[in-house]
Structures are given as structure tokens and as C-alpha cells.
Amino acid sequence: MSHINVDGKQLETLELFEVEEVRNDFPILKEKFSGPKNSVLPLVYLDNAATTQKPQQVLDAMQYYYRHQNANVHRAIHKLGERATAAYEDSRKRISRFINARSHREIVFTRGTTEAINLVAHSWGRKLIGRGDEILLSEMEHHSNLIPWQLLAKETGAVLRFIPFSRSNGTLQIGHLEEMINERTRLISVTHMSNVFGTINPVRGLIQKAHDHHIPVMLDGAQSVPHLPTDVQELDCDFLAFSGHKMCGPTGIGVLYGKEKLLEEMEPFQGGGEMIGSVWLDKATWNEVPHKFEAGTPDIAGAIGLAAAIDYLDRLGMERITLYEQKLTTYALSKMREISGMRIFGMAPFRGGVISFYLGKIHPHDMAQFLDSKGIAVRAGHHCAQPLMRKLEIPATTRASFYFYNTFSEIDFLIDNLKQALEYFGYGTG
Ligand SMILES: *Cc1c(COP(=O)(O)O)cnc(C)c1O
């Protein structure tokens, strides 16, 4: 298999990595659990849309920081402080190159995707949104890209509108875009890749169309940046949010990318140390971007860990990662479709390695518990997308989600156990 198409882009035929070598970098993948009758269950980790595992290289980088560089940043005159500041700011540059930003000033460190979207809703929204202005989202958003806008709408009197998705295959009905845009539309904020359907949305076309109307676009990249090559200049998105922990980095660190001009226009997010220029008792001026948005002591070790994760991903190659995951997903989908009673939610032509399903009448929580008893970690629930579930008229799904360290034999193991679940819960196979 070659020439795999990601959002219209052809990937060349690439030589893939040795997955067993890759797995050796992840100590946690060797974890085992005790099963029934003194059996040993190896971990089969298929909950990567929730969070990913960390390679030794990331753990080492963070430990190195604490052992050799730890001090507060941007303040100290001493040598250790200079080391910490250099390591922290180098991480920002590293991230900037990874997504091909024009400048490292366009990279704001946050706690994650959620905080990055809240930052935009707060600092951009409260300054530029008024009563009757419209913000366009989609019906498939994670709560992180819904609630901040609901809060903003409640405060300002703005109106939220939603691009619908197709119930049959979980794709955005982008044809509605033109009729949904009007002179009051101020921002479009959509997910690049759905954490429920795995759909990779056609964001390049959406952004072009929005820009024809001078409307900025924010992308929720929590699922896309870890799995697809990302070039913010090529996409031409105005904001992009993503989380370190979903791309082999630590928890507690994430990124808001914003075009410098937009960041300059925005008010600060939180107030405190570091984000200021000069302070009087009754007023203050702000530091330059991105520091204006980074009040207080940041997660320095987290930033360094995220840069190490990016080094790791880059060494494997993002295009290779995409290609490998597409092969894994195509294989899993074809095997799953052979199981009688299987309903898969999300059959977009361009999709990532997130598979939401419902098997027979087995409740997703029972399914997840059954799989857990075999050592397989999957997620069951509404996946922080309750409006999406409501539209599908289901309470929950079971979700298996992959990363580049998953193997074809793990997929086979999952498939075997899905079949066993049918027997176990009394639905048989025939
Ligand atoms: C995980 C996720 C988020 C939230 O990310 P946090 O790291 O919890 O802030 C937002 N959107 C999507 C699509 C996600 O998958």
C-alpha cells in the first residue's frame, strides 16, 4: 500500500519503522496485569485518543532538566536560571518549527488544548465579540471546543451556530458552510480530527472559504497534530490548539498557536508575574507576545518534555506515523466489519485511528470492562461529546484508538476478544 491520501495530500511510498524497536522505547508497554487462574495479561493499550504513552527519551529529558537545569525562567541573573530559560525557550522554538509557524512568538504555552481554546474565547472573544455576533462551530466538537464558546455567548449575547455532520458516516456537511456564513460571523472553530469518529475534516477548503469572507478560523488540533504532519502556514489557520500528552509528551503542557497579528490584538488571559511590562499600583502594561499570555511560573519541565516528544516524533517522521496508522486502521476496520452485529460510527473516507463502535446489544461500559479483563485498554462513554451522542441517539460508544506503537497482532487480539464478548454476553456469533 502506498499513496495514502490525507486531506487531499498524497504521501509518498515510505519505508516504515520497526514497530518492535519503537515499542522498546516505551517502558510502560511492558507492564503486565494478573489475570484469572494465575495468568499474566500483557498490556494492550488502545486508548490513545485519551492520552498517549511516553518514550524513555521524554522521561530522560525531564529528569535531565530537574537534575541539571532547574531554576525559574526569565527572572534569574544566575547561570542556572540562564540554563532553564534557554531550555524553555529552545522548546518553544522546537515546537514552532514542528508546525512550521512563522515565528516562535506565535507559540503560547498552555496547560493543554482546553486551556488554549479558553484563552482564545477569553482574550480574543471578550475583546472582539458583541451581541448578535456569530461563532460557527460544528456538531462534532469535543466539549473543550463548545463550552468556552457557550460561556462567551452567555456573557456577550453572541450566537453559536453549528455545521451539521452526517449521521450515516460522521463527516461534516461542509456544503452548508456558505449558507451559514453571514456578515455577523466572527470566527469559525472546528476540530481538525474528530475524537469520536476519527474523521479528518477538510479544513483547508473550509479555511479558504472563511478567509474569502475575512473570517478567522481556529482548529482544535488535539487529535490531528499527534497523528498528521502539520504545517500552519500551508493550512493558513489563524489559531491551532493541541496537547502535549496526546503526542508522547507529559500532561500539563499544551500549545496555542496564533498568528502574531491576532495575538498582538488580544487582551491578556490571566494576570500575574511574567506577563507584565511595567506595573504601578493602579495600572500595568503588558509584556510582548507570547509572554503576555503566560502569567506565573510556567510548566518548564513540561515544555522540555514536549520538545523531546517532538524530537522523537520527528525522528520517526510524521508522514511515516500517518501512513503506519492508516494501515493499522484500515486493517482493524476491515476485520471489525466482518463481526456480525457490529456498528461502527464514523466511516469518513479520510480518517485517523479512532474507531467508535457498538457491538450487538452489549453496553459499551460492559464491553470495555470485558476487554479490560483481557488486558485491553479501551474507552467507553460519551467521549466528551454529548451533543454528538444525542444526535446519534446512543448513550455511549466503545472506542479503540491507535498510535504508532500499536501492532497488527494487537488488532488481531482485539478482534478475537470482540468475538468472545458476543459469546460471553450470550449473543452467539451466528
Ligand atoms: C483530548 C481532546 C481535547 C481536550 O484536550 P485536553 O488535553 O484535555 O485539554 C479537545 N479536543 C479534542 C478533539 C480532544 O481529543
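The structure described here is a predicted model.

A search of the whole structure finds 3 cavities of 30 Å³ or more. The second largest cavity has a volume of about 50 Å³. Its lining is made of Ile200, His227, Leu228, Thr322, Glu325, Gln326, Thr329, Arg351, Gly352 and Gly353. By class, these lining residues are 2 nonpolar, 6 polar and 2 charged.

The largest pocket has a volume of about 330 Å³. Of the 22 residues that line the largest pocket, Thr114, His142, Ser144, His245 and Lys246 are the closest to its centre. The lining of this pocket divides into 5 nonpolar, 11 polar and 6 charged residues. Its largest share, 3 residues, is supplied by helix H4.

Helix H4 covers residues 113-128. At 1.5 Å a residue, its 16 residues should span 22 Å, and the end C-alpha atoms are 21 Å apart, which agrees. The buried residues in H4 are Thr113, Glu115, Ala116, Ile117, Leu119, Val120, Ala121, Ser123, Trp124 and Gly125.

Helix H14 (residues 408-424) has 17 residues and reaches 24 Å from its first C-alpha to its last, close to the 24 Å expected at 1.5 Å a residue. In H14, Glu410, Ile411, Leu414, Ile415, Asn417, Leu418, Ala421 and Leu422 are buried. Just after H14, Gly426 takes a positive phi of about 85°.

### A series of paired strands

The strands may be followed from one partner to the next. Strand S7 (residues 134-138) pairs with S9 in the parallel sense over 3 bridges, and Glu134 stands opposite Thr185 in S9. Strand S9 itself comprises residues 185-191 and is mostly covered, with 6 of its 7 residues buried. S9 is also joined to S10 by 4 bridges, and these two strands run parallel. Here Thr191 stands opposite Asp220 in S10.

Asp220 also stands opposite Ala241 in S11. S10 (residues 217-220) and S11 pair in the parallel sense over 3 bridges. S11 is in turn joined to strand S12 (residues 254-258) by 5 bridges, and this pair runs antiparallel. Within that pairing, Gly258 of S12 is the bridge partner of Phe239.

The pairings are collected below.

| Strand pair | Sense | Bridges |
|---|---|---|
| S7 and S9 | parallel | 3 bridges |
| S9 and S10 | parallel | 4 bridges |
| S10 and S11 | parallel | 3 bridges |
| S11 and S12 | antiparallel | 5 bridges |

Strand S11 (residues 239-243) is mostly covered, as 5 of its 5 residues are buried. In a regular strand the side chains alternate between the two faces of the sheet. Which residues of S11 lie on each side? Phe239, Ala241 and Ser243 are on one side, Leu240 and Phe242 are on the other, and all are buried, which leaves both faces of S11 covered.

### Residues in the loops

His214 lies in the loop between helix H7 (203-212) and S10. Its phi is near 60°, a positive value in a residue other than glycine. Is His214 buried or exposed? With a relative accessible area of 73%, His214 is exposed.

Cys248 is placed in the loop between S11 and S12. Cys248 has a positive phi of about 75° although it is not a glycine. At 0% relative accessibility, Cys248 counts as buried.

Pro290 is found in the loop between strand S14 (284-286) and helix H10 (300-316). The peptide bond leading from Val289 to Pro290 is cis, with omega near 5°.

Leu14 belongs to the loop between strand S2 (9-10) and helix H1 (19-24). Its relative accessibility is 24%, so Leu14 counts as partly exposed. Leu14 and Gly317 are 303 residues apart in sequence, and their C-alpha atoms are 9.9 Å apart in space.

Definitions and conventions
Residues numbered from 1 in each chain as written. Predicted model: local features only at pLDDT ≥ 70, side-chain atom pairs only at ≥ 80, totals over all residues. Heavy atoms only, no water. 1 Å grid on protein atoms, 1.4 Å probe; cavity = no way out; pocket = protein on both sides within 12 Å on 5 of 7 lines; lining within 4 Å. Points joined across faces, edges and corners; volume = space filled by probe spheres on them. Nonpolar A, V, L, I, M, F, W, Y, C, P; charged D, E, K, R; others polar. Buried < 20%, exposed > 50% of the residue type's maximum accessible area, 1.4 Å probe, protein only. Pairing = 2+ DSSP bridges. Expected span 1.5 Å × (residues − 1).
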